[in-house]
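Hi everyone, thanks for coming. I'd like to walk you through one model today, so please have a look at the sequence and the structure first.

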Amino acid sequence: MKYKITLQGRTYEIEVERGEAMLLDEYDAVAPVPATPAAAPAPVAAPAAAPAPAAGPVAAGTKVDSPLPGNVLDVKVSVGQAVKSGDVLVIIEAMKMENEIAAPCDGVVKQIVANKGAVVATGDTLLVI
C-alpha cells in the first residue's frame, strides 16, 4: 500500500509491504494559489473523453461472479480447460486477504472475462464455464 503523508509542510510518499515501511519520495507540500478574477485565464474547453470500450458479450453457460470487490491477483485456468466443482479458478485480493474463487460446477472454461490485475466489484462476471 502506498501512502502520502504531509508533516510540517513536507510531503512523504511511503510504501508499506508486509510490515516494512520504505520511503519512496519526499518533497515540499505546495498549497494551491487562488487565482484573482482579473488574472484568471479564460477556460479552455476540454476535448470530449472517448467512451470506455464496452466489454464483449459474455458467453452462454454458468457465470462465475465475484462475491466481493477486489483486485484479481491470478487466474488459475485458461479457456478450454476442464474444471471440476471446487477447483480454484481465480484469486482475488480484498482487504489484504487472498480469496480463492472456486468452480461451482464441473465443466470446461468457455470465456475468461476478468484478467490478472483487473479491479472487480461484487457481482462482476469473472469467467464462464
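Predicted model: local features only at pLDDT ≥ 70, side-chain atom pairs only at ≥ 80, totals over all residues.

**Surface, strands and core**

Residues are numbered from 1 along each chain as its sequence is written, and side-chain values use heavy atoms, with hydrogens and water left out.

Now, the fold. The protein has twelve strands and zero helices; strands are DSSP runs of E with at least two residues, helices are runs of H or I with at least four, and both are numbered from the N terminus. Of the 129 residues, 21% are buried, where buried means under 20% relative accessible area, exposed means over 50%, and partly exposed lies in between, with a 1.4 Å probe and protein chains only. Among contacts with a separation of 6 or more, 47% join residues 24 or more positions apart, a contact being heavy atoms within 4.5 Å.

Let's turn to strand 5. Strand 5 pairs with strand 7 in the antiparallel sense over four bridges, and pairing requires that DSSP finds at least two bridges between the strands. Valine 75 stands opposite valine 90 in strand 7. Strand 5 also pairs with strand 11, residues 119-120, in the antiparallel sense over two bridges, and there asparagine 71 has valine 119 as its bridge partner.

Which residues touch the most other members of the largest nonpolar core? They are Leu89 and Val90, in a core of 18 residues. Strand 5 (70-75), strand 7 (88-94) and strand 12 (125-128) each give two or more residues to this core, and strand 7 has the largest share, with four. By nonpolar core I mean a set of buried Ala, Val, Leu, Ile, Met, Phe, Trp, Tyr and Cys residues joined through side-chain atoms within 4.5 Å. Leucine 89 has contacts beyond four places in sequence that include Val64, Val75, Ile101 and Leu127, and also Asp74 and Lys76.

Those last two bring me to the final stop. The structure holds one salt bridge, between the side chains of aspartate 74 and lysine 76, at 3.2 Å from N to O. The term means a side-chain nitrogen of Lys or Arg within 4 Å of a carboxyl oxygen of Asp or Glu. Aspartate 74 is partly exposed at 24% relative accessibility, and lysine 76 is partly exposed at 44%.
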